[in-house]
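Trainee: I would like to learn how to read a sheet and its packing. Could we go through an example together?
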Amino acid sequence: MADDANSIPELDQEKYDADEHVKIICLGDSAVGKSKLMERFLIDGYRPQQLSTYALTLYKYSTTVNSKAVLVDFWDTAGQERFQSMHPSYYHKAHACIMVFDVTRKITYKNLSNWYLELREYRPEIPCVVVANKIDADMKVTQRNFNFPRKQGLPMYFVSAADGTNVVKMFKETIKMAVSYKQNSTDFMDDVMRELENFELEQKNEESLETTEEGVKPESPESV
Ligand SMILES: Nc1nc2c(ncn2[C@@H]2O[C@H](COP(=O)(O)OP(=O)(O)OP(=O)(O)O)[C@@H](O)[C@H]2O)c(=O)[nH]1
Ligand SMILES: [Mg+2]
């Protein structure tokens, strides 16, 4: 594509072509497998060794839900203890949350309630799923009852990023919940945000028209 004033960056183009655009966040302690789950879903791959995520990674994924084009932004963060809690911008305008624990480390399950409290402080209404990861290491856990998701009325998935069990199912269902939340939400702040988004988009379009008009003007020698 010609690199001129008329060209729109590819990602932005994709964003505006999609019928719906949702943001899904991922929470949980360090090393529970948040990044590996994303890797498994998005590139159908898994590399056993990798450094812990530094601060934030954003993954983009395009799909269709009920024959509508949907662009998903997955936000992945390092859940390291030193961060303790996430920056509010992480939660800002999220439409669903994937909360992960590691079935081989009890403390990561216990800490779910802290993550959940913080999530609800910023996003009281969004759909949230609980994910028990690493079941390949201990298949027996799938027979056990987990109180936390039951008490909170949250769907729970037993998954393994290592062998792929239930990973696609969990992500696809979460995306559907995010889209449905965005479409049906009566959340007042979401309405305000949507208005602002449209306003920003209109402004951008106006700006890009202005740039185009300026772009075709030959440069006047006096201005040099
Ligand atoms: N056995 C097994 N190990 C896994 C699985 N998923 C992740 N791991 C291992 O757990 C470790 C941590 O995985 P990550 O995906 O980096 O964890 P994370 O939650 O992103 O960690 P932070 O980025 O520090 O927050 C890695 O060594 C993975 O290989 C799984 O399903 N089964
Ligand atoms: Mg990570």
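Trainee: In which sense do S4 and S5 pair, and over how many bridges?

Mentor: Strands of a sheet pair through backbone hydrogen bonds, either parallel or antiparallel. Here S4 and S5 pair in the parallel sense over 6 bridges; two strands count as paired if DSSP finds at least two bridges between them. Within S5, isoleucine 98 has valine 129 as its bridge partner. Before we go on, this is a predicted model in which local features need pLDDT of at least 70 and side-chain atom pairs count only at pLDDT 80 or more, while totals for chains, interfaces and linings use all residues. Residues are numbered from 1 along each chain as its sequence is written, with chains lettered from A and ligands numbered from 1 in the order in which they are written.

Trainee: How many helices and strands are there in the protein?

Mentor: The protein has 8 helices and 6 strands. These are DSSP runs numbered from the N terminus: helices are H or I with at least four residues, strands E with at least two.

Trainee: What is the strand order of the sheet?

Mentor: The order is S2-S3-S1-S4-S5-S6, in an open sheet of 6 strands with mixed pairing. Strand S2 (56–65) and strand S6 (156–158) are the edges, each pairing on one side only. S2 runs antiparallel to strand S3 (residues 68–77), with 10 bridges, whereas S1 and S4 run parallel, joined by 4 bridges.

Trainee: Which way do the residues of S4 point?

Mentor: In a regular strand the side chains alternate between the two faces of the sheet. In S4, Ala96, Ile98, Val100 and Asp102 point one way, and Cys97, Met99 and Phe101 the other way. S4 is mostly covered, with 7 of its 7 residues buried. A residue is buried if 20 or more other C-beta atoms lie within 10 Å of its own, exposed if 12 or fewer, and partly exposed in between, with C-beta atoms placed from the backbone.

Trainee: Why is helix H2 described as largely enclosed by the rest of the structure?

Mentor: Helix H2 (residues 34–43) is largely enclosed because 7 of its 10 residues are buried. Among them are Leu37, Met38 and Phe41. The buried residues of H2 pack against S1, S2, S3, S4, S5 and H7; contact requires C-beta atoms, placed from the backbone, to lie within 7 Å.

Trainee: What share of the 224 residues of the protein counts as buried?

Mentor: Of the 224 residues, 29% count as buried.

Technical notes
Contact = placed C-beta atoms within 7 Å.
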